[in-house]
Amino acid sequence: MKKLNLLLILVLAVAIHSYGQYFTVKLGGGYSWPGLQNSTTVLTFQPGADPDPAKATIIPLVALNTTTTDSAKNRYQKNVYGTYGQGGHIDFSFGYMINPYFGVEIDGAYLWGSTISASQTVDLGTLLGSNATIVTRTHSNGLSLNPSLYFRGAKPGAKVAPFARLGIALPVFGALYHSLDIDLPNTLLDPNGAKAHIEVKTESTVSLGFQGGVGVEYTPIPLITVYGEVNAQYLMARAKQSDLTAYTLALGHNAATNTLSGYTTYSKVTNFVDNLTYANNTTDLGKQRDASGGHNSDPNYVNEDKGHDVLRQVANITNFGFTVGVRFNMSKKIFTDPFGKKAKAAASAK
């Protein structure tokens with residue numbers, strides 16, 4: 001009896017070695033939506049009391065009308081829920097099946113995020129004026145790498161098999177993009193009003209989340225597997241730095257002009273930190289500004305040649321979606337009969 005058990009173990013080991021150990025390459029694509037509980041807002045940049053971008057603040061994107069010149073019955077505020085993880089994506093992976101039931105993968109995904117937009121009608125103080133309209137559009141693009149454990153739920157050689165993945169989400173490249181179009185009909189900058197266009201790019205620092213999926217795969221021939229899965233991701237990206245990439249201003253009926261060169265680095269770059277003190281490069285805690293840069297070395301003034309520091313913000317990239325694709329299975333054994341013709345011939349001869 002012991003000899004029989006030992007023989008069965010050896011046969012199983014040979015079967016696992018024969019069918020289970022191979023490398024994989026996957027290519028696919030799909031689409032993702034906000035998570036099942038869509039209750040998180042995205043961010044925008046709210047202009048301050050004058051055109052200097054350093055006066056802007058980062059706030060949740062809200063559709064609203066709060067101007068005092070309009071009727072109280074027309075005023076409103078509405079949350080704009082969304083995720084920067086919504087949009088189309090292309091997926092690829094490199095993996096290794098350790099046995100017929102378990103493997104490891106390095107999954108990559110490049111996201112083309114959908115645009116989220118909202119309009120605001122607000123009063124922006126004496127200089128910029130009342131009844132200003134701000135239209136914000138924001139989206140994300142980026143690449144993430146997702147190390148995953150892969151579980152296959154079928155016997156070796158089965159053509160149809162359920163599977164599951166579970167791993168971490170690690171963004172490695174990409175950014176959030178904001179585009180703001182501002183209409184200032186009652187500004188003191190010009191009796192005929194003014195219009196501004198602003199673009200901001202925000203990059204993230206090291207962030208870590210979780211991702212996984214479940215699906216079904218079909219292997220018509222040993223070399224190729226087609227698959228479909230539903231997947232989900234939980235990821236909050238931590239902002240590192242925002243750069244003002246475009247800023248045009250049109251006064252009255254004049255053509256828009258590029259005003260970026262007229263501002264210092266302090267006005268154009270925002271650095272995100274977890275702890276804000278008087279030592280940081282910010283006016284929020286009492287330091288003063290000299291836009292000429294003449295006080296850059298004075299500890300009581302901000303350094304105009306460096307970006308201004310603000311408390312770190314996080315961006316919601318959580319999503320829920322699907323992926324379909326094809327997987328190529330590669331090993332010496334598979335390459336000897338990639339289309340399964342020899343196996344079919346051998347089965348027919350029996």
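Okay, so when I say strand here, I mean a DSSP run of E, at least two residues, numbered from the N terminus. And keep in mind that this is a predicted model.

Let's start with threonine 323, which sits in strand β19, residues 319-330. Is threonine 323 buried or exposed? Buried means under 20% relative accessible area, and threonine 323 comes in at 4%, so it counts as buried. Its side chain has a polar partner, too: there's a polar contact of 2.9 Å with the side chain of asparagine 231. If you skip neighbours within four places in sequence, the contacts of threonine 323 include Gly28, Gly29 and Gly30, then His89 and Asp91, and also Tyr227, Gly228 and Glu229.

Valine 230 has a relative accessible area of 41%, so it goes down as partly exposed.

Next up, arginine 152. You'll find arginine 152 in strand β9, residues 132-152, and it's buried, at 9% relative accessibility. So what does the side chain of arginine 152 make a polar contact with? One partner is the side chain of glutamate 217, at 3.1 Å.

Last topic, the inside. In soluble globular proteins, nonpolar side chains tend to be buried together. Here, the largest nonpolar core has 20 residues, and the ones touching the most other members are Leu124, Leu180, Ile182, Leu184, Ile198, Leu244 and Tyr247. Elements giving two or more residues to this core are β4, β9, β10, β11 and β14, and β11 has the largest share, with four. Take isoleucine 182 from that list: leaving out neighbours within four places, its contacts include Pro47, Ile134, Ala194 and Ile198. And there's a second, separate core of 12 residues, with Ala63, Tyr84, Leu176 and Ile317 among them.

Terms used
Residues numbered from 1 in each chain as written. Predicted model: local features only at pLDDT ≥ 70, side-chain atom pairs only at ≥ 80, totals over all residues. Heavy atoms only, no water. Buried < 20%, exposed > 50% of the residue type's maximum accessible area, 1.4 Å probe, protein only. Polar contact = N/O pair within 3.5 Å; in protein donor to acceptor, adjacent residues only side chain to side chain. Contact = heavy atoms within 4.5 Å. Core = buried A, V, L, I, M, F, W, Y, C linked by side-chain atoms within 4.5 Å.
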